[in-house]
Amino acid sequence: MIEARHLRVLRAVAATGSFSAAGRELGCTQPAVSQQMKALEASVGTPLLVRSGREMRLTQAGEALVRHAAGILSGLTAAEEEVAAIAGLRAGRVRLVSFPSGSSTLVPTALAALRAAHPGTRVSLEEAEPPQSVELLREGDCDIALAFRYERAPGGGSDAGATGAAVDGEWDDLVVRPLLKDRLVALVPERHPLARGESVAIGDLAAEPWIAGCPRCRGQLVQVCERAGFTPRIDFATDDYPAVVGLVGAGLGVAVLPQLAIESVRPRGARVLTLEPAVRREIVALTLPDLAQVPAVTATLEQLGRAAARSGDVRR
């Protein structure tokens, strides 16, 4: 294997014509130069230098290696500078995947702060719901996944996590950065009889038509309703939170949405009520153990944590 330090010595010998002059240029002794040249010739398997009087002359192989050495060494220097820039957060790239309500609330605040602190760090954003977002992370298609899972409800049974509740060990291979607990709220049309209250028991909505969200949220809704003793009649299903709010506002049904989703949507024609009993989802930022050591990833996780803390302060 050719080492960069050997190439630097070879270039110095070629430029100065002797081991002693190369040593003076490099700040080392003549024996050290001679030793490194012997090691380089041993690694390439052919002589690179021949003595001609008091000077050293390059062989054909030596000339070829010196010709390539300039590009190799300049490439290494550029690589070292780029790595140093990334390590110092003067450069770098982070691929972030988030679910929609996280993209519209936590992510903008976090990325604005990241850009202000480290303008050389670039972040790309794609949207995906868990578990797809988590699989993208495991497959190497992103660096951070903003994800959520529902807490297991008391008395939910051993299969409470089957369609969305927290499952023991599902993220054991990942680095998990907890961000916040997001409580679900109920949405009813403004003219609904229950809209006059501040809270509603989910059982009181048993006879209502429902508008459901993403597949994981839909599964959680069915579980919560079944624990309350009924199966919801789902008339509409959409992953788009503004569409859910619009359908409720038009009087077409009721819905349960995460509070984080309501923060980014103006609920016109709909009333937001506290849902009883409380149902929460845990929002986290996930990354791989090796990626957690990358400075740009660490900085992004830190800013997501701060954005989540500010969001919690606003709610209080």
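At 26% relative accessibility, Arg 218 counts as partly exposed, a class that lies between buried (under 20% relative accessible area) and exposed (over 50%), with a 1.4 Å probe and protein chains only. This is a predicted model, in which local features need pLDDT of at least 70 and side-chain atom pairs count only at pLDDT 80 or more, while totals for chains, interfaces and linings use all residues. Residues are numbered from 1 along each chain as its sequence is written, and side-chain values use heavy atoms, with hydrogens and water left out.

**Salt bridges**

- The structure holds 14 salt bridges, a salt bridge being a side-chain nitrogen of Lys or Arg within 4 Å of a carboxyl oxygen of Asp or Glu.
- Arg 218 pairs in this way with Asp 239, their closest N and O atoms being 4.0 Å apart. Because Arg 218 lies in helix H8 and Asp 239 in the loop between strand E9 (233–237) and helix H9 (241–249), the pair ties together parts that are 21 residues apart in sequence; helices (H or I, at least four residues) and strands (E, at least two) are DSSP runs, numbered from the N terminus.
- Asp 239 is partly exposed, with a relative accessible area of 43%.
- Glu 151 forms a salt bridge with Lys 181, with 3.0 Å between the closest N and O atoms. Glu 151 lies in the loop between strand E5 (144–150) and strand E6 (175–189) and Lys 181 in strand E6, so this pair ties together parts that are 30 residues apart in sequence.
- Glu 151 is partly exposed at a relative accessible area of 27%, and Lys 181 is partly exposed at 48%.
- The side chains of Glu 3 and Arg 5 meet in a salt bridge at 2.6 Å, N to O; Glu 3 is partly exposed, with a relative accessible area of 33%, and Arg 5 is partly exposed, with 44%.
- Glu 135, Arg 138 and Asp 173 are linked in a network of salt bridges.

- A search of the whole structure finds one cavity of 30 Å³ or more, a cavity being a set of points on a 1 Å grid over the protein atoms alone where a 1.4 Å probe fits but cannot get out.
- The largest cavity holds about 140 Å³ of space, a volume being the space filled by probe spheres set on grid points that are joined across faces, edges and corners.
- Its lining has 17 residues, of which Tyr 150, Leu 184, Cys 217, Leu 221 and Val 256 lie nearest the centre of the largest cavity; lining residues have an atom within 4 Å of a point.
- Strand E8 (209–212), helix H8 (215–227) and strand E10 (255–258) are the elements that give two or more residues to this lining, and H8 gives the most, with five residues.

Terms used: 1 Å grid on protein atoms, 1.4 Å probe; cavity = no way out; pocket = protein on both sides within 12 Å on 5 of 7 lines; lining within 4 Å.
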